[in-house]
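Colleague: I am new to this structure and would like to learn how to read it. Could you walk me through it step by step?

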Amino acid sequence: MVIKVAVAGPRGRMGKEAVATIVKNTDFLLVSVLDNKNGEEFLGDNIPIFTSLEELIFQTEPDVLVDLTVPSSVFEHAMIALDNGVRPVIGTTGFTDLQLDEIRNKVEEKEIGCIIAPNFSIGAVLMMKFSQMAAKYLPNVEIIEMHHDQKVDAPSGTAIKTAQMINETRTIFEQGHPDEKEIMEGARGANFSGMHIHSVRMPGLVAHQQVLLSGEGQLLTIRHDSFDRTSFMSGIVLSINEIMKQNTLIYGLEDIIL
Ligand SMILES: NC(=O)C1=CN([C@@H]2O[C@H](COP(=O)(O)OP(=O)(O)OC[C@H]3O[C@@H](n4cnc5c(N)ncnc54)[C@H](O)[C@@H]3O)[C@@H](O)[C@H]2O)C=CC1
Ligand SMILES: O=C(O)C1=N[C@H](C(=O)O)C[C@H](O)C1
(Lines give C-alpha, C1' and ligand atoms only; values in the text may rest on other atoms or scores of the structure.)
(Ligands and ions follow the chains in the order given, each with its own letter.)
Protein backbone atom coordinates (compact mmCIF):
# COMPACT_ATOMS: atom_id res chain seq x y z
CA MET A 1 0.00 0.00 0.00
CA VAL A 2 1.35 3.43 -0.91
CA ILE A 3 1.39 5.80 2.08
CA LYS A 4 -0.11 9.22 1.37
CA VAL A 5 2.07 11.90 2.97
CA ALA A 6 1.67 15.65 3.53
CA VAL A 7 4.54 17.89 4.65
CA ALA A 8 4.18 21.01 6.79
CA GLY A 9 7.02 23.52 6.32
CA PRO A 10 8.05 22.29 2.81
CA ARG A 11 10.17 25.33 1.98
CA GLY A 12 12.27 25.34 5.12
CA ARG A 13 15.79 23.89 5.42
CA MET A 14 14.46 20.50 6.59
CA GLY A 15 11.20 20.63 4.65
CA LYS A 16 12.94 20.94 1.26
CA GLU A 17 15.12 17.93 1.97
CA ALA A 18 12.14 15.92 3.26
CA VAL A 19 10.00 16.75 0.20
CA ALA A 20 12.81 15.55 -2.10
CA THR A 21 13.19 12.33 -0.07
CA ILE A 22 9.47 11.56 -0.01
CA VAL A 23 9.00 12.27 -3.73
CA LYS A 24 11.88 9.88 -4.56
CA ASN A 25 10.46 7.05 -2.41
CA THR A 26 8.10 4.77 -4.35
CA ASP A 27 6.40 3.58 -1.13
CA PHE A 28 5.14 7.15 -0.53
CA LEU A 29 2.93 9.59 -2.39
CA LEU A 30 3.33 13.27 -1.52
CA VAL A 31 -0.29 14.47 -1.76
CA SER A 32 0.01 18.06 -0.44
CA VAL A 33 2.03 20.53 1.60
CA LEU A 34 1.17 23.10 4.28
CA ASP A 35 2.93 26.46 4.25
CA ASN A 36 2.19 29.64 6.13
CA LYS A 37 3.54 31.93 3.45
CA ASN A 38 1.84 30.96 0.25
CA GLY A 39 2.05 32.77 -3.03
CA GLU A 40 1.77 29.94 -5.44
CA GLU A 41 -0.83 27.20 -5.71
CA PHE A 42 1.56 24.34 -6.33
CA LEU A 43 4.93 23.15 -5.14
CA GLY A 44 6.84 21.95 -8.22
CA ASP A 45 4.53 20.77 -10.98
CA ASN A 46 1.56 19.40 -9.13
CA ILE A 47 1.74 19.28 -5.31
CA PRO A 48 -1.02 21.54 -3.94
CA ILE A 49 -0.01 24.06 -1.27
CA PHE A 50 -2.46 24.82 1.55
CA THR A 51 -2.40 27.42 4.30
CA SER A 52 -5.14 25.66 6.28
CA LEU A 53 -4.40 22.20 7.68
CA GLU A 54 -8.10 21.34 7.95
CA GLU A 55 -8.57 22.16 4.26
CA LEU A 56 -5.45 20.16 3.34
CA ILE A 57 -6.76 17.10 5.16
CA PHE A 58 -10.29 17.46 3.77
CA GLN A 59 -9.11 17.80 0.17
CA THR A 60 -6.09 15.48 -0.02
CA GLU A 61 -6.70 12.85 2.75
CA PRO A 62 -3.09 12.13 3.81
CA ASP A 63 -2.28 9.11 6.01
CA VAL A 64 0.70 10.90 7.59
CA LEU A 65 1.60 14.53 8.29
CA VAL A 66 5.34 15.22 8.52
CA ASP A 67 5.80 18.44 10.50
CA LEU A 68 9.00 20.47 10.08
CA THR A 69 7.81 23.93 11.03
CA VAL A 70 8.24 26.08 14.14
CA PRO A 71 7.60 25.58 17.87
CA SER A 72 4.71 28.08 17.80
CA SER A 73 2.59 26.06 15.33
CA VAL A 74 3.55 22.41 15.71
CA PHE A 75 1.29 21.65 18.69
CA GLU A 76 -1.82 22.93 16.91
CA HIS A 77 -0.87 20.95 13.77
CA ALA A 78 -0.48 17.76 15.78
CA MET A 79 -3.86 18.16 17.50
CA ILE A 80 -5.69 18.93 14.23
CA ALA A 81 -4.04 15.95 12.51
CA LEU A 82 -4.92 13.54 15.33
CA ASP A 83 -8.49 14.85 15.52
CA ASN A 84 -8.86 14.08 11.83
CA GLY A 85 -7.30 10.61 11.84
CA VAL A 86 -3.95 11.67 10.31
CA ARG A 87 -0.78 10.28 11.91
CA PRO A 88 1.77 12.97 12.80
CA VAL A 89 5.50 12.41 12.31
CA ILE A 90 6.97 15.41 14.07
CA GLY A 91 10.53 16.66 13.72
CA THR A 92 9.79 20.17 14.94
CA THR A 93 11.25 20.83 18.39
CA GLY A 94 10.32 23.16 21.24
CA PHE A 95 7.41 21.28 22.87
CA THR A 96 6.55 22.05 26.49
CA ASP A 97 5.97 19.16 28.91
CA LEU A 98 2.30 20.15 29.08
CA GLN A 99 1.94 20.00 25.30
CA LEU A 100 3.58 16.56 25.24
CA ASP A 101 1.08 15.36 27.86
CA GLU A 102 -1.85 16.74 25.86
CA ILE A 103 -0.64 15.01 22.70
CA ARG A 104 -0.18 11.75 24.64
CA ASN A 105 -3.77 12.03 25.90
CA LYS A 106 -5.07 12.79 22.41
CA VAL A 107 -3.21 9.79 20.93
CA GLU A 108 -4.74 7.54 23.60
CA GLU A 109 -8.20 8.94 22.90
CA LYS A 110 -7.92 8.57 19.11
CA GLU A 111 -5.87 5.33 19.18
CA ILE A 112 -3.68 6.32 16.25
CA GLY A 113 0.08 6.59 16.25
CA CYS A 114 2.20 9.71 16.54
CA ILE A 115 5.98 10.05 16.43
CA ILE A 116 7.78 12.98 17.98
CA ALA A 117 11.46 12.63 17.08
CA PRO A 118 13.74 15.30 18.56
CA ASN A 119 16.41 13.93 16.24
CA PHE A 120 15.93 11.71 13.17
CA SER A 121 19.61 10.80 12.68
CA ILE A 122 20.77 7.37 13.80
CA GLY A 123 24.09 8.76 15.05
CA ALA A 124 22.34 11.21 17.34
CA VAL A 125 20.03 8.49 18.68
CA LEU A 126 23.10 6.37 19.47
CA MET A 127 24.83 9.37 21.10
CA MET A 128 21.81 9.80 23.39
CA LYS A 129 21.65 6.09 24.23
CA PHE A 130 25.41 5.80 24.90
CA SER A 131 25.23 8.90 27.13
CA GLN A 132 22.35 7.35 29.06
CA MET A 133 24.38 4.18 29.61
CA ALA A 134 27.53 6.09 30.60
CA ALA A 135 25.79 8.42 33.07
CA LYS A 136 25.07 5.50 35.36
CA TYR A 137 28.84 5.23 35.97
CA LEU A 138 29.94 8.82 35.27
CA PRO A 139 27.13 10.94 36.71
CA ASN A 140 28.65 14.43 36.33
CA VAL A 141 27.17 15.54 33.02
CA GLU A 142 27.40 18.70 30.94
CA ILE A 143 25.65 18.76 27.55
CA ILE A 144 26.94 21.20 24.93
CA GLU A 145 24.73 21.53 21.88
CA MET A 146 25.81 23.62 18.88
CA HIS A 147 23.57 24.75 16.04
CA HIS A 148 23.28 27.23 13.17
CA ASP A 149 22.21 30.72 14.22
CA GLN A 150 18.77 30.53 12.56
CA LYS A 151 17.50 28.08 15.19
CA VAL A 152 14.71 29.61 17.29
CA ASP A 153 14.56 27.24 20.29
CA ALA A 154 17.16 26.65 22.99
CA PRO A 155 18.12 24.24 24.33
CA SER A 156 17.68 21.99 21.31
CA GLY A 157 15.11 19.19 21.37
CA THR A 158 17.99 16.71 21.19
CA ALA A 159 19.68 18.18 24.27
CA ILE A 160 16.43 18.07 26.26
CA LYS A 161 15.76 14.48 25.20
CA THR A 162 19.36 13.53 26.05
CA ALA A 163 18.95 15.01 29.54
CA GLN A 164 15.61 13.21 30.01
CA MET A 165 17.16 9.88 29.01
CA ILE A 166 20.19 10.42 31.24
CA ASN A 167 17.84 11.28 34.09
CA GLU A 168 16.50 7.72 33.93
CA THR A 169 19.92 6.28 34.92
CA ARG A 170 21.69 9.11 36.76
CA THR A 171 21.12 9.64 40.46
CA ILE A 172 19.80 13.19 40.75
CA PHE A 173 22.21 15.64 42.41
CA GLU A 174 23.21 19.27 42.02
CA GLN A 175 26.55 19.42 40.17
CA GLY A 176 29.33 21.88 40.91
CA HIS A 177 30.27 23.60 44.16
CA PRO A 178 27.39 24.02 46.67
CA ASP A 179 28.30 27.73 46.99
CA GLU A 180 28.66 28.23 43.23
CA LYS A 181 27.48 31.70 42.13
CA GLU A 182 27.03 32.99 38.57
CA ILE A 183 28.92 36.28 38.20
CA MET A 184 27.32 36.64 34.77
CA GLU A 185 23.77 35.36 34.33
CA GLY A 186 23.61 32.15 32.28
CA ALA A 187 27.28 31.25 32.76
CA ARG A 188 26.41 27.74 33.94
CA GLY A 189 23.77 27.18 31.26
CA ALA A 190 20.37 25.60 31.84
CA ASN A 191 19.92 23.32 34.83
CA PHE A 192 18.11 20.01 34.27
CA SER A 193 17.91 17.98 37.49
CA GLY A 194 21.33 19.30 38.51
CA MET A 195 23.13 18.68 35.18
CA HIS A 196 23.85 21.58 32.86
CA ILE A 197 23.00 22.26 29.21
CA HIS A 198 24.85 24.87 27.13
CA SER A 199 23.60 26.16 23.77
CA VAL A 200 25.93 27.55 21.11
CA ARG A 201 24.55 29.32 18.01
CA MET A 202 26.89 30.16 15.13
CA PRO A 203 26.60 30.55 11.36
CA GLY A 204 28.25 27.67 9.51
CA LEU A 205 27.12 25.02 11.97
CA VAL A 206 24.35 22.49 11.24
CA ALA A 207 23.61 20.33 14.32
CA HIS A 208 26.24 19.11 16.78
CA GLN A 209 26.24 17.90 20.36
CA GLN A 210 28.77 16.67 22.81
CA VAL A 211 28.00 15.10 26.14
CA LEU A 212 30.76 15.37 28.75
CA LEU A 213 30.64 12.77 31.52
CA SER A 214 33.17 12.74 34.29
CA GLY A 215 34.22 10.75 37.32
CA GLU A 216 37.29 10.75 39.56
CA GLY A 217 40.29 11.62 37.35
CA GLN A 218 38.54 10.90 34.04
CA LEU A 219 36.36 12.41 31.35
CA LEU A 220 34.34 10.66 28.65
CA THR A 221 33.20 12.77 25.68
CA ILE A 222 30.44 11.45 23.42
CA ARG A 223 29.99 13.61 20.33
CA HIS A 224 27.75 13.60 17.29
CA ASP A 225 27.85 15.90 14.25
CA SER A 226 25.27 16.34 11.53
CA PHE A 227 27.19 18.07 8.74
CA ASP A 228 24.25 17.91 6.35
CA ARG A 229 20.47 17.59 6.65
CA THR A 230 20.58 14.39 4.60
CA SER A 231 21.61 12.81 7.94
CA PHE A 232 17.98 13.12 9.10
CA MET A 233 16.28 11.59 6.06
CA SER A 234 16.54 7.86 6.78
CA GLY A 235 14.87 8.54 10.16
CA ILE A 236 12.00 10.33 8.46
CA VAL A 237 11.49 7.43 6.02
CA LEU A 238 11.61 4.92 8.90
CA SER A 239 9.12 7.00 10.92
CA ILE A 240 6.58 7.28 8.10
CA ASN A 241 6.64 3.51 7.58
CA GLU A 242 6.60 2.73 11.31
CA ILE A 243 3.79 5.05 12.30
CA MET A 244 1.36 3.19 10.05
CA LYS A 245 1.82 0.17 12.39
CA GLN A 246 1.59 2.03 15.72
CA ASN A 247 -1.25 3.37 17.85
CA THR A 248 0.70 5.03 20.66
CA LEU A 249 2.91 8.10 21.09
CA ILE A 250 6.56 7.37 20.30
CA TYR A 251 8.75 10.12 21.73
CA GLY A 252 12.28 9.56 20.40
CA LEU A 253 13.38 7.02 17.82
CA GLU A 254 15.41 4.89 20.27
CA ASP A 255 12.38 2.69 20.98
CA ILE A 256 11.92 1.75 17.33
CA ILE A 257 15.53 1.76 16.09
CA LEU A 258 17.54 0.17 18.91
N1 LIG B 1 13.97 16.10 14.44
C2 LIG B 1 15.04 16.36 13.68
O3 LIG B 1 15.86 15.47 13.38
C4 LIG B 1 15.25 17.76 13.19
C5 LIG B 1 14.40 18.73 13.61
N6 LIG B 1 14.55 20.00 13.18
C7 LIG B 1 13.51 20.92 13.61
O8 LIG B 1 12.64 21.10 12.51
C9 LIG B 1 12.08 22.42 12.57
C10 LIG B 1 12.32 23.11 11.24
O11 LIG B 1 13.71 23.34 11.09
P12 LIG B 1 14.28 24.14 9.83
O13 LIG B 1 13.82 23.47 8.57
O14 LIG B 1 15.72 24.32 10.06
O15 LIG B 1 13.52 25.54 9.97
P16 LIG B 1 13.14 26.59 8.84
O17 LIG B 1 12.89 27.87 9.54
O18 LIG B 1 14.14 26.54 7.75
O19 LIG B 1 11.75 26.02 8.26
C20 LIG B 1 10.53 26.11 8.88
C21 LIG B 1 9.49 26.30 7.80
O22 LIG B 1 8.20 26.21 8.37
C23 LIG B 1 7.39 27.17 7.78
N24 LIG B 1 6.28 27.46 8.68
C25 LIG B 1 6.27 28.26 9.77
N26 LIG B 1 5.06 28.27 10.35
C27 LIG B 1 4.29 27.45 9.61
C28 LIG B 1 2.93 27.07 9.69
N29 LIG B 1 2.13 27.53 10.67
N30 LIG B 1 2.46 26.22 8.76
C31 LIG B 1 3.25 25.76 7.77
N32 LIG B 1 4.55 26.10 7.65
C33 LIG B 1 5.05 26.93 8.55
C34 LIG B 1 8.28 28.37 7.53
O35 LIG B 1 7.77 29.20 6.50
C36 LIG B 1 9.57 27.68 7.10
O37 LIG B 1 9.63 27.51 5.70
C38 LIG B 1 12.73 23.09 13.78
O39 LIG B 1 11.88 22.98 14.89
C40 LIG B 1 14.00 22.28 14.01
O41 LIG B 1 14.38 22.31 15.35
C42 LIG B 1 15.55 20.37 12.33
C43 LIG B 1 16.45 19.44 11.90
C44 LIG B 1 16.38 18.05 12.31
O1 LIG C 1 17.07 23.15 14.40
C2 LIG C 1 17.83 22.26 13.99
O3 LIG C 1 18.61 22.42 13.03
C4 LIG C 1 17.81 20.95 14.66
N5 LIG C 1 16.88 20.74 15.55
C6 LIG C 1 16.68 19.56 16.29
C7 LIG C 1 16.88 19.80 17.76
O8 LIG C 1 16.42 20.84 18.27
O9 LIG C 1 17.48 18.97 18.44
C10 LIG C 1 17.46 18.38 15.75
C11 LIG C 1 18.82 18.73 15.23
O12 LIG C 1 19.63 19.00 16.31
C13 LIG C 1 18.75 19.91 14.26
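Colleague: By class, how many nonpolar, polar and charged residues does the shell around ligand 2 have?

Modeller: First, how the classes work: Ala, Val, Leu, Ile, Met, Phe, Trp, Tyr, Cys and Pro count as nonpolar, Asp, Glu, Lys and Arg as charged, and the others, Gly among them, as polar. Here the shell around ligand 2 has 2 nonpolar, 6 polar and 1 charged residues. Before we go on, please note that this is a predicted model, in which local features need pLDDT of at least 70, side-chain atom pairs count only at pLDDT 80 or more, and totals for chains, interfaces and linings use all residues. Residues are numbered from 1 along each chain as its sequence is written, while chains are lettered from A and ligands numbered from 1 in the order in which they are written.

Colleague: Which residues are around ligand 2?

Modeller: A residue is near a molecule or strand if its C-beta atom, placed from the backbone, lies within 6 Å of it. Around ligand 2 these are T93, P118, N119, H147, K151, S156, G157, T158 and A207.

Colleague: And how many residues surround ligand 1?

Modeller: Ligand 1 is surrounded by 24 residues, with G9, G12, M14, S73 and G91 the closest. They divide into 9 nonpolar, 11 polar and 4 charged. Helix α1 gives the most to this shell, with 3 residues.

Colleague: What is the strand order of the open sheet of 5 strands?

Modeller: The order is β9-β10-β8-β11-β12, with mixed pairing. β9 (190-192) and β12 (218-226) stand at the edges with a single partner strand each, so one side of each has no neighbour in the sheet. The antiparallel strands β9 and β10 (residues 195-201) are joined by 3 bridges.

Colleague: Which strands does helix α5 lie across?

Modeller: For contacts, two residues count if their C-beta atoms, placed from the backbone, lie within 7 Å. Axes are lines fitted to C-alpha atoms, for helices over the stretch in contact, and angles run from 0 to 180 degrees between N-to-C directions. Helix α5 (residues 122-135) lies across β8 (140-147), β11 (207-215) and β12, at about 165 degrees to β12.

Colleague: How is the chain divided into domains?

Modeller: Domain bounds come from an automatic or database domain assignment. Here domain 1 is 3-116 + 230-257 and domain 2 is 122-227. The contact takes 11 residues from domain 1 and 10 residues from domain 2.

Colleague: Which residues does the cis peptide bond join?

Modeller: Most residues other than glycine have a negative phi, and most peptide bonds are trans. The cis bond joins A154 and P155, with omega about 0 degrees, and P155 sits in the loop between β8 and α6. E61 has a positive phi, near 45 degrees.

Technical notes:
Helix = DSSP H or I, 4+ residues; strand = E, 2+ residues; numbered from the N terminus. Pairing = 2+ DSSP bridges.
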